[in-house]
Amino acid sequence: MIEIKDLKKSYLINGNKTEALKGINLKIEKGQVFGIIGKSGAGKSTLLRCLNLLETPDEGEIIVEGRDITKFNKRELREYRKNVSMIFQHFNLLSNSNVYKNVAFPLEIAGHKRDYIDKRVRELLKIVGIEDKEKEYPSNLSGGQKQRVAIARALANNPKILLCDEATSALDPLTTKQILDLLLELNKTLGLTIVLITHEMDVVDRICSNVAVMEKGEIVEEGIKDEVFKSPKSKTLRQFLQSQKGEVIYLDFKERAI
Ligand SMILES: Nc1ncnc2c1ncn2[C@@H]1O[C@H](COP(=O)(O)OP(=O)(O)OP(=O)(O)O)[C@@H](O)[C@H]1O
Ligand SMILES: [Mg+2]
């Protein structure tokens with residue numbers, strides 16, 4: 001279980017302070033597919049990056065299985081990060097390495113022996129459905145195939161938590177559906193907890209059990225997805241749900257300028 005308590009993070013650029021997270025409180029249970037939605041700049045990526053401490057929070061606690069990860073020393077953090085993987089919108093693959101090497105990379109870093117790595121890479125490629133692509137380079141793969149490589153790489157060291165930052169935003173609708181089906185299958189078969197951020201409502205609708213809505217560094221509503229979607233309270237969620245139905249949304253001037 002992940003419990004986020006009063007998490008704050010600001011950035012200072014040219015003397016201007018941006019409060020990206022203004023005191024976030026959130027509980028994510030083991031095995032959930034937890035969606036975080038919000039407009040651009042709401043603080044979604046900052047929040048996600050705090051969960052693996054790619055971003056260091058200014059204040060607050062992140063309790064994972066009873067321990068505050070913000071207090072971890074280097075060794076503890078290294079251990080913790082084996083349990084938390086991340087996938088991205090633009091895949092972040094090693095372009096000069098083939099599929100096999102991309103997936104083998106985290107296993108090599110973890111110090112595994114050649115035989116184990118070989119067995120594990122083939123197993124992972126099978127799980128994500130690209131066992132015939134091991135010799136290909138990323139540039140020869142479709143977006144969906146690239147994301148499958150990234151997922152295989154993310155799963156290499158048996159993480160318990162998978163963080164997804166707009167993981168399907170660069171994919172067409174059919175490929176998006178296939179990748180989401182794969183993520184849901186991994187959630188079910190491996191018991192993987194998935195935290196995903198997106199501005200695509202269909203993504204949340206398809207796979208999330210729970211959802212939180214962010215506005216300007218704050219969580220404005222959260223809960224079981226079906227319940228939250230049935231009676232949306234925040235302006236952001238109402239607008240997102242309208243746009244999902246194809247309704248035209250008129251933003252006021254201030255919002256358009258953001
Ligand atoms: N490294 C950084 N340096 C300075 N400011 C940052 C940095 N990262 C984020 N911010 C600022 O923090 C706020 C939240 O950004 P964040 O990237 O978390 O939003 P987001 O919800 O992920 O947006 P998007 O949907 O566009 O990805 C924004 O105002 C952004 O400009
Ligand atoms: Mg982002």
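## The shell around ligand 1

By class, the shell around ligand 1 holds 4 nonpolar, 6 polar and 2 charged residues, where Ala, Val, Leu, Ile, Met, Phe, Trp, Tyr, Cys and Pro count as nonpolar, Asp, Glu, Lys and Arg as charged, and the others, Gly among them, as polar. This is a predicted model, in which local features need pLDDT of at least 70 and side-chain atom pairs count only at pLDDT 80 or more, while totals for chains, interfaces and linings use all residues. Residues are numbered from 1 along each chain as its sequence is written, chains are lettered from A and ligands numbered from 1 in the order in which they are written, and side-chain values use heavy atoms, with hydrogens and water left out.

The residues surrounding ligand 1 are Tyr11, Ile13, Thr18, Ala20, Lys39, Ser40, Gly41, Ala42, Gly43, Lys44, Ser45 and Thr46; a residue is near a molecule if one of its heavy atoms lies within 4 Å of it.

| Residue | Atom in the residue | Distance to an oxygen atom of ligand 1 |
|---|---|---|
| Gly43 | backbone N or O | 3.0 Å |
| Lys44 | polar side-chain atom | 2.8 Å |
| Thr46 | side-chain N or O | 2.6 Å |

Taken alone, ligand 1 exposes 630 Å², of which the protein buries 63%; accessible areas come from the Shrake-Rupley method with a 1.4 Å probe, and for residues only the protein chains shown count as cover. The elements that give two or more residues to this shell are β1 (2–13), β2 (16–28) and α1 (44–51), and α1 gives the most, with 3 residues. Helices (H or I, at least four residues) and strands (E, at least two) are DSSP runs, numbered from the N terminus.

## Backbone and exposure

Asn14 is found in the loop between β1 and β2, and its phi is near 50°, a positive value in a residue other than glycine. At 74% relative accessibility Asn14 counts as exposed, a class that means over 50% relative accessible area, with buried under 20% and partly exposed in between (1.4 Å probe, protein chains only). Phe91, in the loop between β6 (84–88) and α3, also has a positive phi, of about 70°, although it is not a glycine, but Phe91 counts as buried at 10% relative accessibility.

## Salt bridges

A salt bridge is a side-chain nitrogen of Lys or Arg within 4 Å of a carboxyl oxygen of Asp or Glu, and by this rule the count comes to 15. Glu123 forms one with Arg120, their closest N and O atoms being 2.6 Å apart; these two residues are 3 residues apart in helix α4 (residues 114–127), so they are separated by about one helical turn. Glu123 is partly exposed, at 34%, whereas Arg120 is buried, at 8%.

Another salt bridge joins the side chains of Asp205 and Lys225 (3.7 Å, N to O). Asp205 lies in helix α7 (residues 201–207) and Lys225 in helix α8 (residues 225–230), so the pair ties together parts that are 20 residues apart in sequence. Asp118, Arg122 and Glu134 are linked in a network of salt bridges.

Terms used: Polar contact = N/O pair within 3.5 Å; in protein donor to acceptor, adjacent residues only side chain to side chain.
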